[in-house]
Amino acid sequence: MEKKPRNVEIDGMKLPPIAVPEIYREAVKFNPGKGDVIVATFPKCGTTWTLQIVSLILRNGEPITNKEEFFAYSPFLELTPMELISRMPKPRLLKTHLPFGPLKYNSDAKYIYVARHPADYLVSNYHHLRFFTFFFYPDGTLDDVLDLFLKGETDYGDYFDHLLTAYKNRNKPNVLILTFESIKTNHRGACLKIARFLGEEYHKRLLEEDEAVLKKVLKYSSLEYMKTTVNEFWKHLFNCMPSEEDQKRNPIMKKIAESVQEAKEKGNTSEGMFIRKGIIGEGKMTLSPQQCNRLNEHICNRTTNSDVMSLWKDI
């Protein structure tokens, strides 16, 4: 029998089980504007890594060193009360997994969309579902995760609907499409590309004084550094009991508290780390030949009329 992680459906959109209707509905009404930078991805495709790079560029290479500031500096659009987002100084850096459509497009804002090869996404998502206890998925298998993917029954809907909608916007001057693999293969080049997209002044600043700022951006956005810092931030945010004050301020925190308590009562524990290997090709190494065949057939069927898979022509 196929096992499914826990989720919630709001207005036809499948979302993580900690989502609440009023905050989601505020998010889809939100109209980004001048000075807003939106990092938009399908889950487990390089969101946190890209946010780290962007935040370092905006902050002249200075990293955020505590979890409160980390999540406040680049809040999760559909999991954050709009009153908190509206008080943010510009430039605002926002994270979302919403696809274009529910995520409003505005030519005055900047959008960075990051994609990841479906095979690697699948393996990463499998571990993601076991890391966060609120999914209550300790017995889920990779076969189960693949089945959900093929049916388009994952959080935030169908992977290819999400990707293809973003890909149609690739030639707009305020939309930058990257891949996880391109960041991994050429970290320096990706940082410079993002900086230039954000504004020529940011690109220039990275290269001044013997590339002092760029060196800091590369150091603090390395996966090695993030595994020792950002991993702890994520572990404490979603797998630990929020304070009473946080629960009163944000209904998402109240739902997290309820799931943490339920997980404790059921003996459901977090497995692994949020940032794991960060490598290219784990899908090919992990999926069985039968699973690879099912996935490849699905990719061919879903991309018949698009060259979107050319994003990964070099891997």
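Modeller: Let us begin with the sheet. In the order S4-S3-S5-S6, 4 strands form an open sheet with parallel pairing. Two strands pair if DSSP finds at least two bridges between them; helices (H or I, at least four residues) and strands (E, at least two) are DSSP runs numbered from the N terminus. This is a predicted model: local features need pLDDT of at least 70, side-chain atom pairs count only at pLDDT 80 or more, and totals for chains, interfaces and linings use all residues. Residues are numbered from 1 along each chain as its sequence is written, and side-chain values use heavy atoms, with hydrogens and water left out.

Colleague: Where does helix H2 lie?

Modeller: Angles run from 0 to 180 degrees between N-to-C directions, with axes fitted to C-alpha atoms, for helices over the stretch in contact; contact means heavy atoms within 4.5 Å. Helix H2 (residues 47-58) lies across S3 (36-41), S4 and S5, at about 180 degrees to S4. Helix H7 (residues 159-167) packs on the sheet, touching S3, S5 and S6, and makes about 135 degrees with S5.

Colleague: How many residues of helix H6 are buried?

Modeller: Buried means under 20% relative accessible area, exposed over 50%, and partly exposed in between (1.4 Å probe, protein chains only). In H6 (residues 142-151), 7 of its 10 residues are buried, among them Leu142 and Phe149. Their cover includes H5 (118-131), H7, H14 (282-286) and H15 (289-302).
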